[in-house]
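Please open the model in your viewer and keep the selection panel at hand. The stops below proceed from one selection to the next.

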Amino acid sequence: MKVLIVSLRYLGDCLLAAALAPAVKAKFPDAQVDLLSFRDNLSILEGVPCIDNRIGVEHHPKKWIQAQDHIRSWNTYDWALSTMNSTRATLYSWASARNQTMPAVPDDLEHKWIRTLVKHQIPWSSGHLLDTFTDVAKPLLGDIEPLKPVAPDAELSPELEADFSALGPCVVCHPCSRYQDKNWSQIGWRDLFRRIIDSGRGVCLTGGRSEFETDYIRAITEGLPADRVLSVAGRASFGQTGRIIRRADAFVGVDTATAHVAAATGTPSVFLFGPTNVREWGPSPKDGRPALYDSSLSVQTVLNVTIVRQDNPEPCCGCTRHRCAHFNPPELGRCMQVISPDKVWAALCQSVAIS
């Protein structure tokens, strides 16, 4: 049995799609399970269990290059499990496997060709995205338990190990999203860091190596005790970030792929959410989802995950393409900027019993 998981979207989507691999291996222990995604997504799969091969493709390849991909993989697999129903996901699934399953496309003339190529069209779940992926797997696996998330993992380098160990008990914080409307206020972060340090814990910051993240982290940590703050942004891989979060007392972060990593480690985690649909995209706790997230709640906890939003959350109105109609500058989201440090601190204290 050879199975291909197809995930052609963002980092977080790729990690959620990887949750299919352990489910396939549980039913077919000897199966080969490969995952195809964009090449720059593959780093988030570091150390993720049950994936035999990671296959990377370009975001916007020339048509002849994509055709070569299809020829090379023609009918290589018994099944393709696609977590998206885009044109490229359809073509990779159809060319690579004799059987395909994916979330359903609209029942209209425009998408008729996809419904013709892919027999198993699975209705989207009204709950979490992982619940949709669970249903996508059922044509192959039959009735299975809801998928549980997976997290990357890797050993720390000697330098990272020394720096992280020297920090002592700590809270890991991930302050930056690629979309600024998902970022919290700098004042809020600085207030939170002071409270964490006053509680006797250090602050470990994670992130990428972009100039924006470097400058942002420098701004929100300026003036704080150097021996109580450690930035591993741009130094730690996704797997090493997963290892660091596992060893921390808690995690606090905004809506990013790293949020899904943190939730899947089982570490008590507080997530600040703004414009994203929490019911569908809220990070799944390590041990599953005994309850669905409620988009009307400003604070809610499910197992090791606490989600904090603005008071009296309302659906976005007038905000498009990551620009807020209710805040200046519009790149920032009002729904994130109005979350108070008191609210975040209270959620953190409750999750890890900080005094």
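Of the 58 residues in the largest nonpolar core, which touch the most other members? They are Val24, Ile44, Leu45, Cys204, Ile244 and Phe271. A nonpolar core is here a set of buried Ala, Val, Leu, Ile, Met, Phe, Trp, Tyr and Cys residues joined through side-chain atoms within 4.5 Å; buried means under 20% relative accessible area, exposed over 50%, and partly exposed in between, with a 1.4 Å probe and protein chains only. Helix H6 (residues 129-141) supplies the largest share of this core, six residues. Another core, of 31 residues, lies apart from it and includes Leu192, Ile197, Leu224 and Leu272.

The model is predicted: local features need pLDDT of at least 70 and side-chain atom pairs count only at pLDDT 80 or more, whereas totals for chains, interfaces and linings use all residues. Residues are numbered from 1 along each chain as its sequence is written, and side-chain values use heavy atoms, with hydrogens and water left out.

Next, select Val24. Leaving aside residues up to four places away in sequence, Val24 touches Val3, Ala31, Val33, Leu81, Leu140 and Leu141; contact means heavy atoms within 4.5 Å.

Now display the strands. Helices (H or I, at least four residues) and strands (E, at least two) are DSSP runs, numbered from the N terminus. An open sheet of six strands runs in the order S3-S2-S1-S4-S5-S6, with parallel pairing; two strands pair if DSSP finds at least two bridges between them. Strand S3 (53-57) and strand S6 (120-122) are the edge strands, each pairing on one side only. Within the sheet, select strand S4 (residues 77-82) and strand S5 (residues 97-103), which pair in the parallel sense over four bridges. Tyr77 stands opposite Ala97 in S5.

Seven of its ten residues are buried, so H4 is largely enclosed by the rest of the structure. The buried residues are Arg88, Ala89, Thr90, Tyr92, Ser93, Ala95 and Ser96.

Finally, move to helix H9 (residues 211-221). Which of its residues are buried? Glu213, Tyr216, Ile217, Ile220 and Thr221 are. These cover an arc of only 115° around the axis, which puts them on the same side of H9; the arc is that of the directions from the helix axis to the C-beta atoms. Their cover includes helix H8 (186-198), strand S8 (202-205) and strand S9 (229-231). On the face turned away from the buried side, select the exposed residues Glu211 and Arg218. Gly223, which follows H9, has a positive phi near 85°.
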